[in-house]
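Please consult the sequence and the structure shown here.

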Amino acid sequence: QVQLVESGGGLVQPGGSLRLTCAASGLVFSSYTMGWYRQAPGKQRELVARIISGGITNYADSVKGRFTVARDNAKNTVYLQMNNLKPEDTAIYYCNARPSPFVPADSGSWGQGTQVTVSS
């Protein structure tokens, strides 16, 4: 049974930084595609960033140059470093794990989410 536990969310001022962490268990972590998604109030869940098993990364246009996704296969952990945060980044951030980048994210597993609020 795959379990994903996110941490690192919180309240930050515009321009600030946060690092989200997702600890995974119950899977062969190194072979999984790991992703970060977010859902703002009244909006659909959207992809923020993902990293496949080989280390290739993809980002939403809205976060390119500000966010960095990374994985530590030895620790079964994926990170999302968020810099220069903007109020529009406010959302619940979810970690996702799926066995292949070619299957839908909803076919994989989700964490419980962590709230990120960007406000002065």
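A charge is taken to sit over a ring if NZ of Lys or CZ of Arg is within 6 Å of the ring centre and within 35 degrees of the ring normal. The model is predicted. In this model, the charged end of Arg45 sits over the ring of Trp110, 4.2 Å from its centre. Two aromatic pairs are present in the structure, and ring pairs join Tyr37, Tyr94 and Trp110 into a cluster.

**Pair of Tyr37 and Trp110**
- Tyr37 and Trp110 form an edge-to-face pair, with 5.1 Å from centre to centre and 70° between the planes.
- Tyr37 belongs to strand β4 (residues 33-39) and Trp110 to strand β10 (residues 109-110), so this pair ties together parts that are 73 residues apart in sequence.

**Pair of Tyr94 and Trp110**
- The ring centres of Tyr94 and Trp110 are 6.4 Å apart and the planes stand at 90°, so this pair is edge-to-face.
- Distant parts of the chain are linked by this pair: Tyr94 lies in strand β9 (residues 91-98) and Trp110 in strand β10, 16 residues apart.

**Accessibility of the ring residues**
- Tyr37 has a relative accessibility of 10% and counts as buried.
- Tyr94 also counts as buried, at 12% relative accessibility.
- Trp110 has a relative accessible area of 25% and is partly exposed.

**Arg45 and the rings**
- Arg45 lies over the face of Tyr94, 4.1 Å from the ring centre.
- For Trp110, the charged end of Arg45 is 4.2 Å from the ring centre.

Conventions
Residues are numbered from 1 along each chain as its sequence is written. This is a predicted model: local features need pLDDT of at least 70, side-chain atom pairs count only at pLDDT 80 or more; totals for chains, interfaces and linings use all residues. Side-chain values use heavy atoms; hydrogens and water are left out. Rings of Phe, Tyr and Trp (its six-membered ring) pair if their centres lie within 6.5 Å; planes under 30 degrees apart count as stacked, over 60 as edge-to-face and the rest as tilted. Helices (H or I, at least four residues) and strands (E, at least two) are DSSP runs, numbered from the N terminus. Buried means under 20% relative accessible area, exposed over 50%, partly exposed in between (1.4 Å probe, protein chains only).
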